[in-house]
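Welcome, and please load the model in your viewer. We will go from stop to stop, with something to select at each one.

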Amino acid sequence: MIEEALDRLPAAERHEPFDVARLVSIFQDRRPAALEARAAVVKELRARHEPATVIGVTGTPGSGKSSLLGRVSQELLAQDAELSVAVLAVDPSSHLSGGALLGDRTRLKASFDDPRLYFRSEASDTELGGLSPTSYQVCRLLTLLYDCVFIETVGIGQSEGDVRHLADNVQLVLSPLGGDQVQFLKAGIIEIPQGFIINKCDQPAAEDTYQQLKQSLWLSRPFDADEIPISRISALTGAGIPELAGLFREVIAAGPTVTQDERDAHFLGRWVLDEWGRQGMAALRGEFGGAAGLIESAGGFDAAQTEFNARFTSSTEPT
Ligand SMILES: Nc1nc2c(ncn2[C@@H]2O[C@H](COP(=O)(O)OP(=O)(O)O)[C@@H](O)[C@H]2O)c(=O)[nH]1
Ligand SMILES: [Mg+2]
């Protein structure tokens, strides 16, 4: 597997879709052989590329995340001829396709032939749309191949795979009179995002949503309420999309805020919990000295997995 992965690397760096897709599959592969291949790929890529900024786009299903990402990614490519963009949609529904993102506008479809834009959707492992260790792995690859990575996800706050551990910047999408919007803002969720996007501003109720959000922000974030960007857009008409793309370009230019070490530590913990449960977590905290400690002593994320597999398996064997 290592050889295949390294063979495909040059084409993937040129954004050849088929080769990128093959590498993505290796990053999703749960078999032990994939660990080594991933480590080799990451090592090569890190020597040549700085990791890209990751932007999380979250919000309830139907708020228009896919539609706006389809629009705004296209706008980004138009505004900057050098830029490449990857979109990873972690979808809670089982029937997956790029359908919503592509929309039914042929103009949008055309830009999907542009190799500077890569779209991938992945089934979520939870109904809430939480991120899995696999989402992390794919994101880890894409940040080394593209200039900017968007993660579309429903979950914010409720799952341990919190998007804020993966994204450098989190944007919460609201739509006018969205059913559980109030719920969303109550749950302490309003504190997390670096920005809000009110989509469907082609609908008159959007003005109320804007006022409501402003008030909630003044109450719950009095010290930064006036600085938090609220983008008002319509993914349907395209209104506000150029400005939103401008905001994203600033975020991309500012660079990553979450370090790779933090991401690695968080998602190593998630992986241990997934694979080995509470007993695994106890061992990780105890004899392995915590996720960050294990990664450091093993010499990287993949090596830490290999070491944990080997030692934890042997320590749980009956004596
Ligand atoms: N009126 C209006 N409808 C929109 C807008 N953006 C998306 N939609 C519609 O809202 C529905 C959900 O959109 P989708 O992008 O799949 O939402 P997601 O579940 O958040 O990814 C679809 O029927 C879209 O056509 C918008 O700006 N205005
Ligand atoms: Mg969607």
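A word on burial before the first selection: a residue is called buried under 20% relative accessible area, exposed over 50% and partly exposed in between, with a 1.4 Å probe and protein chains only. You are looking at a predicted model, in which local features need pLDDT of at least 70 and side-chain atom pairs count only at pLDDT 80 or more, while totals for chains, interfaces and linings use all residues. Residues are numbered from 1 along each chain as its sequence is written, chains are lettered from A and ligands numbered from 1 in the order in which they are written, and side-chain values use heavy atoms, leaving out hydrogens and water.

**Stop 1**

Ser66 belongs to helix α4 (residues 65-79) and Glu152 to strand β4 (residues 148-153), so the pair ties together parts that are 86 residues apart in sequence. Helices (H or I, at least four residues) and strands (E, at least two) are DSSP runs, numbered from the N terminus. Ser66 counts as buried because its relative accessibility is 16%, and Glu152 counts as buried at 9%.

**Stop 2: ligand 1**

Now select ligand 1 and the 17 residues that surround it, the closest being Gly62, Lys65, Ser67, Asp202 and Ala235. To be included, a residue needs a heavy atom within 4 Å of the ligand. Then look for polar contacts, meaning pairs of N or O atoms within 3.5 Å:

- A polar backbone atom of Ser63 is 3.4 Å from an oxygen atom of ligand 1.
- A side-chain N or O atom of Lys200 is 3.2 Å from an oxygen atom of ligand 1.
- A polar backbone atom of Leu236 is 3.1 Å from an oxygen atom of ligand 1.

**Stop 3: helix α7**

How many residues of α7 are buried? Colour the helix by accessibility: 10 of its 10 residues are buried, among them Tyr136, Cys139 and Arg140.

**Stop 4: Phe18**

Finally, select Phe18 in helix α2. Is Phe18 buried or exposed? Phe18 counts as exposed, because its relative accessibility is 58%.

Definitions and conventions:
A polar contact is a pair of N or O atoms within 3.5 Å; within protein, one must be able to donate a hydrogen and the other to accept it, and residues adjacent in sequence count only if both atoms are side-chain atoms.
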